[in-house]
Amino acid sequence: MTKKQIGKRFLQILIVLFGISFLTFGLTYLSPGDPAEIMLTECGNLPTPELLEQTRHELGLDQPFLVQYGTWLKGVLTGDMGQSYSFKMPVVQKLVSCFWPTLKMSLLALLMMIVISIPLGILAAVYQNKFPDYFVRGITFIGVSVPSFWLGLILLSIFGVQLRWVNVAGGSTDLKAMILPALTLALAMSAKYTRQVRSAVLEELHQDYVTGARMRGIKESVILWRHVLPNVMLPLVTLLGLSLGSLLGGTAVVEIIYNWPGMGNMAVKAISCRDYPLVQGYVLWIAILYMCINLLVDLSYTYLDPRLKEDR
């Protein structure tokens, strides 16, 4: 991508982020429930009308919508997303503390998914309409049909309750505690990606350049690893980028099952507590991550396929 194209993409990102922030702030403003009352009730107090009015004034909830949004947006531009009502800490600090556990688990889940799906997808494509292909397709059909929360409960029951290899209570972020939630996410994604890899490899195997290579006597293994796989990587990188964005957004169900202190678990608690600043910061944070990942994926296209650079 040229500098001009990158500049246009950044301008589009800013416009989209502004729209997302305004829509999110508006929806939280219109949502039912009084965050001041919820916050005081959780502290064990019986809020009186005077105390509620004072708390709303301290939080700025008695201001008009545009004033509240302008104050919040001004703070965001200076790196201040406000104070979390439920966690009693700055929103940015809370987002950062929950981001790193989710990032580690997401990268491990992607690594597991690649190790599982790419070999199985290639195997199914090479042995099309034979026993390995039918076997892999059957496994992926089952994998797509199984809900991730059910799979997580089954793995937790086997390895946590019966074998006692992991701590059922969760809460820690070490490698041992991270394996099961990452494996749950990887197995859920592998079924879909195995099919994608199989379809992409089959499409490349029927291309004219593969037929020409076979006629010249080149080995099938050389054709597969040196010619087919590099051409398959382009659509797979797009899917991997979207999956990483989804994982960083927080897989709430899996994180709640394993009590993983990540973004999804935090978002569910923030929504249940009407923690408006944390919800708004979370949505804006995820939108920035998605767009940055998509931009990096677009920039990687020219390195994976030099023909795109020549076309431009």
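Which class of exposure, buried, exposed or partly exposed, applies to asparagine 259?

1. Asparagine 259 is partly exposed, at a relative accessible area of 33%, where buried means under 20%, exposed over 50% and partly exposed in between, with a 1.4 Å probe and protein chains only. The residue sits in the loop between helix H11 (252-257) and helix H12 (263-272).

2. The model is predicted: local features need pLDDT of at least 70 and side-chain atom pairs count only at pLDDT 80 or more, while totals for chains, interfaces and linings use all residues. Residues are numbered from 1 along each chain as its sequence is written, and side-chain values use heavy atoms, with hydrogens and water left out.

3. Lysine 88 also has a positive phi, near 55°. This residue belongs to the loop between helix H4 (65-77) and H5, helices being DSSP runs (H or I, at least four residues) numbered from the N terminus. Its relative accessibility of 49% makes lysine 88 partly exposed.

4. There are 2 cavities of 30 Å³ or more; a cavity is a set of points on a 1 Å grid over the protein atoms alone where a 1.4 Å probe fits but cannot get out, and lining residues have an atom within 4 Å of a point. The largest cavity holds about 50 Å³, a volume being the space filled by probe spheres set on the points, which are joined across faces, edges and corners.

5. Residues lining the largest cavity include Met113, Tyr193 and Leu236. Helix H5 (91-126), helix H8 (175-205) and helix H10 (220-248) each give two or more residues to this lining, and H5 has the largest share, 4 residues.

Technical notes. On a 1 Å grid over the protein atoms alone, a cavity is a set of points where a 1.4 Å probe fits but cannot get out, and a pocket is an open set with protein on both sides within 12 Å along at least five of seven lines; lining residues have an atom within 4 Å of a point.
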